[in-house]
Amino acid sequence: MALDIQTIVSKENQYIKLARYLHQKRGREEKNLFLLEGKTLVEEAHKKDIKIPFLFIRDLESLKEIPRQINTQVFELPEDLMARIATTENPPPVIAIAEMPKFEDPLEQQQLSLLSETIEVKKTTNTYLYCENITDPGNLGSIIRTAFAAGVKSIYLSPGSVDVFNTKVLRASVGTAFYGPIKYLGLEELKAKIQNETKAKAMSLEIVGTCPRSDKAYQDLQFSPFKDVLILIGNETRGLSDQAKELCTQLISIPLENGVESLNILAATSVILFGLKAR
């Protein structure tokens with residue numbers, strides 16, 4: 001399919017201004033758009049059928065970086081304008097503007113199923129992840145990549161966590177931020193979702209919080225095979241809040257050797273999620 005290619009030379013161009021506006025969380029939320037920087041993110045977004053209305057290239061040679069099936073408006077930019085819309089010191093040859101994806105919430109769908117007249121017996125345990133106040137973009141992106149690799153069904157983020165469409169988060173996730181539902185959810189909303197007053201209470205979830213002071217090791221985690229598991233992880237330095245711990249049915253820790261006092265948040269999350277996957 002032939003691409004419509006136009007040249008932009010002015011920093012006052014509306015599409016340059018739009019791309020710059022998307023550097024801000026406020027801009028992304030207002031426009032329901034975000035930036036994709038580099039070939040990998042553009043390809044991953046395209047694979048997941050995320051709409052890409054605009055794409056910027058450094059030169060015609062950069063067209064080789066674009067999936068052939070993509071249908072979008074292409075703008076060719078001089079280096080100074082590519083640098084202007086990029087968030088990195090060395091801008092990639094391809095930058096795109098994409099529409100925010102829409103995902104159904106699997107946990108919500110499961111609740112609706114349990115509240116229906118017909119309740120089917122579950123054959124497998126689903127795992128969900130809740131991240132409370134993760135503030136480092138690199139950490140969040142890597143956690144997203146790890147979680148989906150470990151088979152997590154959906155990821156929930158507290159409002160105090162960094163924006164998932166922050167370009168640093170997307171780069172660290174290597175495009176896996178498009179692999180499944182990622183939703184922002186406050187603790188009160190989470191509580192309402194998992195402590196429904198009707199039949200969902202009987203089903204419930206095993207709600208497992210990470211706590212370095214817990215006497216229960218993650219290897220000793222016990223739960224019914226008919227229950228799903230929601231893992232809660234906390235802030236990089238403060239861990240889970242007391243409010244989050246109160247929601248948990250179990251608190252677990254990771255036993256450490258050789259006098260090591262703690263693991264970083266990514267390592268700890270990886271150990272727990274893949275340990276759960278191996279059960």
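**Group meeting: a surface patch and a buried glutamate**

Let's start on the surface. Leu256, Val260 and Leu263 form a nonpolar patch there. Together, the three residues have about 210 Å² of accessible area. Keep in mind that this is a predicted model.

Where is Leu263 placed? Leu263 is in the loop between strand 11, residues 250–252, and helix 11, residues 265–277. Its relative accessibility is 37%. Buried means under 20% and exposed means over 50%, so Leu263 counts as partly exposed.

Now the whole protein. There are 279 residues, and 47% of them are buried. The secondary structure comes to 11 helices and 11 strands. Next, the contacts between residues at least 6 apart in sequence. Of these, 76% join residues at least 24 apart. The protein exposes about 14600 Å². Carbon and sulfur atoms supply 47% of that area.

Next, Glu37. This residue lies in strand 2, residues 33–37. Is Glu37 buried or exposed? Its relative accessible area is 7%. The cut-off for buried is under 20%, so Glu37 is buried.

What does Glu37 touch? Leave aside residues up to four places away in sequence. Then the list reads Ala86, Thr87, Thr88, Pro92, Val94, Ile95, Thr167 and Arg171. Pick out Thr87. The side chains of Glu37 and Thr87 make a polar contact, at 2.4 Å.

To recap, two places to look at on screen.

Note on methods: Residues are numbered from 1 along each chain as its sequence is written. This is a predicted model: local features need pLDDT of at least 70, side-chain atom pairs count only at pLDDT 80 or more; totals for chains, interfaces and linings use all residues. Side-chain values use heavy atoms; hydrogens and water are left out. Helices (H or I, at least four residues) and strands (E, at least two) are DSSP runs, numbered from the N terminus. Buried means under 20% relative accessible area, exposed over 50%, partly exposed in between (1.4 Å probe, protein chains only). Contact means heavy atoms within 4.5 Å. Accessible areas come from the Shrake-Rupley method with a 1.4 Å probe; for residues, only the protein chains shown count as cover. Patches are made of residues with over 30% relative accessible area and no salt bridge: like charges are joined within 9 Å, nonpolar side chains (Val, Leu, Ile, Met, Phe, Trp, Tyr) within 5 Å. A salt bridge is a side-chain nitrogen of Lys or Arg within 4 Å of a carboxyl oxygen of Asp or Glu. A polar contact is a pair of N or O atoms within 3.5 Å; within protein, one must be able to donate a hydrogen and the other to accept it, and residues adjacent in sequence count only if both atoms are side-chain atoms.
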